[in-house]
Amino acid sequence: MVSLGERGPPPGAAGDLAALAELDEAALLAGLRERFLQRHIYTAIGDILVAMNPFQPLPLYEREVSERYRRLQTDALPPHIFAVAGRAYHAMLGRGGGGPRNQCILISGESGAGKTESTKLLLQHIMNLCKGNSQLEQQILQVHSSLYSRGTATVTGGLSLGQYQVNPLLEAFGNAQTVMNDNSSRFGKYIQLRFQENTVQGAKLSEYLLEKSRVVQQDAGERNFHIFYYMFAGLSSKQKEMYGLLDPSFYRYISGRFGTQEAAERWKHKYQEVCNALDMVGFQEQEQVDMQAILAGVLSLGNVTFEPEESNGSVKVSEASQGWLKAAAGQFGVQEDELLKCLICTTSVTRGEQIQRFHTQQQAEDARDSIAKVAYGRVFGWIVCKINELLAENVDPEVELRR
């Protein structure tokens, strides 16, 4: 048993809760609560940094703060996301002894906890730490210099090279509104920075576990991926006609819900950001047209329904949704009968003989949703590949960035 007199300082006074004489769940929660009430949102527990989302702008990320954590020993400063970035950077260079070693920073938390913003802040400080004369570093720092002056926790520099800012793309295609968070990342990210002689030579982004099920169904109070709403708000009437898009209330995959006029204006602005980012990343005009046609095709496909075929017990596309099937085929750029085959039957080859098995209604609906999910996933993967081509442009082609 440890008496209260032996516990040392009050929980909230310790920047590192691991320094407490006794650390249990009650002491940990009490320490975090006391520090949060004092507007200390960062608390260390040994090598772990606990970050509590303040849900308000705090003066924690200005240039002066970053410079302080760049110049001074982080042990003498309060816990901070910049201190984590600094320790990893210096350990990678071998400045703490033991020689240079690869480093990994893992960010985890519930939806809305601030994982995406923390990633942006880590990258921001690492770019500041490796200041040099290389054009790449100078371009990155130019992007971030405008962010420091804002003095808020909302940083949009993140994964950027020069004038290229890819966050609007990743957020539009990979984020969605949930019950907990209006801008929740619905995929995992693994970001690798490659250094050579203390300077960044390139980067690689790997995405995994994209929540493709959201494309075809959302829980109550939630929305599909942002890009669908941005398209409806940002496309002109002529462009919507070109892509075969009707009023958003017709589409089952977005639950017939759109938003207020205020939200539509905000989404219109976001759509323009996405278009600018697509240009900067290197998507050609025709590629952008094809991409948006595929997204329109996903929505049209979601409206295809099925009914029993009386003659042979299989299923067929209902009369009411024949138009949606035709629209989806045109938007995907495939033959209507080929798309129909994928929906209502499975063909296999055994010993050179083709065997066709017709789907039940449930199997046809599952096939429809699977095609929609795969199509959206391929579009997202296409974007990530384009981003990696940009991020790796300064990497020696003989050296591969591995996971």
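1. Thr178 sits in the loop that connects β5 (175-176) with β6 (184-185). The model is predicted, and the remarks here and below concern that model.

2. Is Thr178 buried or exposed? Thr178 has a relative accessible area of 7%, and because the cut-off for buried is under 20%, Thr178 counts as buried.

3. Which residues does Thr178 contact, once neighbours within four places in sequence are set aside? They are Ser111, Ser184, Arg186, Arg214, Gly221 and Glu222.

4. Ser118 belongs to helix α4 (residues 115-129). Its relative accessible area is 13%, so Ser118 is buried too, given the cut-off of under 20%. When residues up to four places away in sequence are not counted, Ser118 touches Ile81 and Ile107.

5. The next pair to look at is two helices. Two packed helices are described by the angle between their axes and the distance between those axes. For helix α6 (residues 167-174) and helix α10 (residues 261-281), the angle is about 120° and the axes are 8 Å apart. This angle makes α6 oblique to α10. The crossing of the two helices, α6 and α10, is left-handed.

6. Which residues make the contact between α6 and α10? From α6 come Pro168, Leu169, Ala172 and Phe173. From α10 come Glu273, Val274, Ala277, Leu278 and Val281. Sorted by type, the residues in the contact of α6 with α10 are eight nonpolar, one charged and no polar.

Key:
Residues are numbered from 1 along each chain as its sequence is written. This is a predicted model: local features need pLDDT of at least 70, side-chain atom pairs count only at pLDDT 80 or more; totals for chains, interfaces and linings use all residues. Side-chain values use heavy atoms; hydrogens and water are left out. Axes are lines fitted to C-alpha atoms, for helices over the stretch in contact, and angles run from 0 to 180 degrees between N-to-C directions. Helices (H or I, at least four residues) and strands (E, at least two) are DSSP runs, numbered from the N terminus. Angles under 35 degrees count as roughly parallel, over 145 as roughly antiparallel, 65 to 115 as roughly perpendicular and the rest as oblique. A crossing is left-handed if the near helix is turned anticlockwise from the far one by less than a right angle, and right-handed if clockwise. Contact means heavy atoms within 4.5 Å. Ala, Val, Leu, Ile, Met, Phe, Trp, Tyr, Cys and Pro count as nonpolar, Asp, Glu, Lys and Arg as charged, and the others, Gly among them, as polar. Buried means under 20% relative accessible area, exposed over 50%, partly exposed in between (1.4 Å probe, protein chains only).
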